[in-house]
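Please look at the sequence and the structure below before reading on.

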Amino acid sequence: MRKMIRGAAAFATATAAVVALSGAAGAQPADPWAGCPDGAVCIYPQNQNPAVKPTHVFYSYGAHNLSNQFGNHWVLNNQYGGATARLCKGSNGANCGNPIAQGTGVYADLGPINSITLNR
C-alpha cells in the first residue's frame, strides 16, 4: 500500500512539474534569432547573407533615424506581442512602408531609407 501511495505521489509531482514547465515555455517571448536579442529589431551589415551579427539593435518603440546605410541589408523583427517595425524614407518615421511582422525579416535596400520605427 505504501508503494502505491508513494508511486501516486511521485506521479502527481512529475505531472505538476510537466504542466508548470509547459505553461512557462508557452509564455516566453521569441528566441534570439541570428544574433538578434529577444524583443529587438536588428539591422545587419550590407550584403551579409545570411544574417549573422547585427550592427544595429533597437529596443524602444518609436522612430530611430539611420545614417550611412547603403545597399541590401537584412532587417529582422524579433519583437513579441504582435509588435511590428517599418522602414521609412523620411526622417523621424515619415513616409513608412509596409509593416514587418514579428518573427519575420526583409532583405531591403536601405539607400533610400532614413529611419525605422518600432510599433506596438
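## Strand S7 and its partners

In this predicted model, strand S3, which covers residues 62-65, is joined to S7 by four bridges, and the two strands run antiparallel. Within this pairing, Ala63 has Thr117 in S7 as its bridge partner. S5 is likewise joined to S7, here by five bridges and again in the antiparallel sense, with Ala85 standing opposite Leu118 in S7.

Of the five residues of S7, four are buried, so this strand is largely enclosed by the rest of the structure.

## An open sheet of four strands

Four strands, in the order S2-S1-S4-S6, form an open sheet with antiparallel pairing. Strand S2 (56-58) and strand S6 (104-109) stand at the edges and have a single partner strand each, so one side of each is left without a neighbour in the sheet. On average, and with direction ignored, neighbouring strands of this sheet are turned by 15° against each other.

Inside the sheet, four bridges connect S1 with strand S4 (residues 72-78), and Ile43 has Val75 in S4 as its bridge partner.

When neighbours within four places in sequence are left aside, the residues in contact with Ile116 include Val41, Ile43, Phe58, Val75 and Leu87.

Technical notes
Residues are numbered from 1 along each chain as its sequence is written. This is a predicted model: local features need pLDDT of at least 70, side-chain atom pairs count only at pLDDT 80 or more; totals for chains, interfaces and linings use all residues. Side-chain values use heavy atoms; hydrogens and water are left out. Contact means heavy atoms within 4.5 Å. Buried means under 20% relative accessible area, exposed over 50%, partly exposed in between (1.4 Å probe, protein chains only). Two strands pair if DSSP finds at least two bridges between them. Axes are lines fitted to C-alpha atoms, for helices over the stretch in contact, and angles run from 0 to 180 degrees between N-to-C directions.
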